[in-house]
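Student: I would like to learn how to read salt bridges and interfaces in a model. Can we take it feature by feature?

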Amino acid sequence: MKYHVDERGYYGEFGGAFIPEMMYPNIRELRENYIKILDDKGFRDEFSTLLKEYAGRPSPLFHARRLSEFYNTQILLKREDLNHTGAHKINNTIGQILIAKRLGKTRIIAETGAGQHGVATATVCALMGLECVIFMGKLDVERQAPNVLRMKMLGARVVPVISGNMTLKDATSEAIRDWINNPDDTYYIIGSVVGPHPYPDLVARLQAVISEEIMWQIMEKTGRPEPDYLLACVGGGSNAAGSFYHYLDNDNVKLIAVEAAGLGTDSGETAATIATGSPGILHGSRTMIMQNDDGQITEPYSISAGLDYPGIGPLLAWLDRSHRVFFDSATDREALAAAFRLTRLEGIIPALEPAHALAILDKIRFRPDDVVVVTISGRGDKDMQAYIKYMNDMSL
Amino acid sequence: MNRIDKLFRNKKNNILSIYFTAGYPELTSAEGIIKDLCAAGVDMIEIGMPFSDPLADGPVLQQSNCAALKNGMNIHLLFTQLENIRKEVSIPLILMGYLNPVLKYGMEKFCLKCAATGIDGVIIPDLPPEVWTEQFRPVFEKYNLYNIFLISPRTDDDRIRKLDSLCRGFLYIVSSSSTTGKSEGFDQAKVEYLKRLQGMDLKNPGLTGFGISDADSFSQACRYSQGAIIGSAFVKRLGEKTAESLPVRDFVNSIISA
């Protein structure tokens with residue numbers, strides 16, 4: 001368990017809760033209750049029933065035969081794209097809304113980048129009949145219009161955030177400010193393994209259902225106890241944390257996390273935090289962040305709104321620091337090419353985020369009998385604009 | 001003796017502290033604003049070190065932080081601008097900002113520079129008292145620099161006592177659960193909260209901040225605490241293009257001579 005959070009809320013040197021006093025009572029309430037709630041039988045029953053009957057879990061582990069042939073190895077896809085609302089985000093929002101209800105909260109807030117977490121939050125709020133306010137950077141509101149409309153149809157109020165770069169970082173800051181202003185009735189469903197302790201641990205535990213399923217599915221599909229490789233994309237890191245969770249202490253499994261390089265890690269237009277960042281404090285935790293020499297947070301760039309974040313969860317920062325996870329990155333173009341490869345070989349249109357993980361298949365030399373699991377964290381409907389543009393540019 | 005202690009020893013009530021963001025509205029505004037505030041008769045000044053993501057701040061201070069960074073402000077430059085400030089200004093000066101830029105600058109170097117410049121205290125809202133105690137307390141004490149803690153209406157009594165025991169100078173009483181710049185009047189809940197604190201017999205004096213914007217809210221805050229801090233309302237005034245020749249003096253007068 002050396003990669004799990006310690007009793008002070010840290011993963012090695014990363015984590016903690018660097019929050020203003022105004023947030024302290026809410027964070028303490030969550031910290032003192034989350035394990036109790038997660039371990040409660042009533043919670044577990046309700047959570048697993050909803051995952052099964054509402055989200056559609058378990059998500060399949062699909063042997064991608066033509067992709068396997070192309071790379072001359074055995075590739076299995078963990079199909080989080082088949083979940084209700086189209087991504088792994090629903091695992092977390094179902095869990096957290098059950099926690100919010102047990103804490104007696106009636107108003108839910110969340111941040112969103114691409115809109116996937118926003119949609120997943122608005123969805124569970126509709127299901128539970130709770131008020132829902134989603135903070136979304138104004139730029140993202142414009143570039144992810146279909147998801148904005150989905151949230152509105154689900155009954156959520158979408159607040160365009162006009163501070164900073166008007167993207168995910170600013171939406172997160174604004175959600176935190178809302179929580180400071182509405183501490184009594186409101187619960188903040190954070191969308192990734194970021195933020196002050198206990199959020200990174202809470203979200204990782206809720207997303208751990210991904211690796212829990214991979215464990216028995218891999219045995220069922222291949223007769224082997226574990227895969228040789230697990231690949232996942234990383235922005236904040238929730239699908240990676242969930243995909244890796246039950247394998248963290250199993251060194252037989254090579255874990256590979258793929259960041260968004262944007263136009264390239266040397267270009268200045270990137271969201272690859274591990275590649276270009278340094279330790280610092282952002283959104284309540286000490287982790288790897290993108291910052292300038294004065295400690296100001298710099299603006300990230302990626303074609304993928306879901307990876308367009310200048311930080312990374314403290315667990316992931318620690319997994320990099322302790323060399324348990326190998327970090328690599330893929331550029332916009334590499335991700336686009338990988339998305340088309342999967343689409344044309346397997347008939348699966350992935351979201352731009354997991355397309356980054358798929359891009360790494362080109363860079364690693366696998367053996368023919370290696371078992372490689374790639375988490376397809378979401379589907380590509382929301383990214384059709386970018387895909388159509390690429391298709392036209394490349395005359396595909 | 002730290003100038004904050006001296007202030008509270010000599011003045012028991014109606015203490016006015018004013019916040020502004022260094023580097024706003026112009027990169028070189030800070031020195032002039034400090035001198036004007038001093039001449040106008042404020043008791044203490046909080047100098048904001050801008051940050052790209054000020055989590056506890058509302059729209060006005062977000063905007064001033066953002067503009068100050070665009071102007072090119074940073075901690076190093078701020079210390080340079082304040083190099084000779086103690087030749088003319090004798091009231092307590094406090095630096096207020098977020099943790100990341102301070103850590104990047106280096107906490108020891110920061111404290112040393114504060115001492116050399118004549119800074120008396122620091123407010124870092126996202127530096128939890130637990131972390132300060134564990135990692136930074138010795139270096140603060142080495143340079144006789146006070147770390148001012150915030151308490152909010154939802155901070156329970158045990159924690160208030162703990163913060164009071166760690167704090168030196170004064171407690172920063174956040175008047176309501178809110179970010180900065182939300183003036184919603186001085187309602188009964190605020191009065192009850194300040195009365196509760198008065199009844200706790202704390203070792204530190206308290207200044208009320210957040211939502212104090214005019215003569216009325218200032219005098220209300222002064223009834224139940226030693227004084228108050230005004231930030232957003234002042235910064236907003238600084239940002240307005242007006243014909244006033246002495247906006248700082250006029251603003252301070254509107255608060256204290258009412």
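Tutor: Start with Arg321(A), which is partly exposed because its relative accessible area is 35%; buried means under 20%, exposed over 50%, and partly exposed in between (1.4 Å probe, protein chains only). This is a predicted model, where local features need pLDDT of at least 70, side-chain atom pairs count only at pLDDT 80 or more, and totals for chains, interfaces and linings use all residues. Residues are numbered from 1 along each chain as its sequence is written, chains are lettered from A and ligands numbered from 1 in the order in which they are written, and side-chain values use heavy atoms, with hydrogens and water left out.

Student: Which side chain does Arg321(A) meet in a salt bridge?

Tutor: Side chains of opposite charge can pair when their charged atoms come close. The rule asks for a side-chain nitrogen of Lys or Arg within 4 Å of a carboxyl oxygen of Asp or Glu. Here Arg321(A) pairs with Glu13(A) at 2.8 Å, N to O. The two belong to distant parts of the chain, 308 residues apart: Arg321(A) is in helix α13, and Glu13(A) is in the loop between β1 and β2 of chain A. Helices (H or I, at least four residues) and strands (E, at least two) are DSSP runs, numbered from the N terminus. Glu13(A) is partly exposed, at 32% relative accessibility.

Student: Are Lys382(A) and Glu353(A) buried or exposed?

Tutor: Lys382(A) counts as buried because its relative accessibility is 12%, and Glu353(A) is buried at 9%. They form a salt bridge, with the closest N and O atoms 2.9 Å apart.

Student: How many residues are in contact between chain B and chain A?

Tutor: Contact means heavy atoms within 4.5 Å. In this model, 36 residues of chain B touch 35 residues of chain A by that rule. Buried area is the accessible area (1.4 Å probe) that two parts lose on being put together, summed over both. For chain B and chain A this is about 2900 Å², 50% of it on carbon and sulfur atoms. Leu55(B), Lys104(B) and Arg154(B) supply 25% of the area that chain B buries against chain A, more than any other three residues.

Student: What is the count of salt bridges between chain B and chain A?

Tutor: The count is five salt bridges. Arg154(B) also meets Asp184(A) in a salt bridge, at 3.0 Å from N to O.
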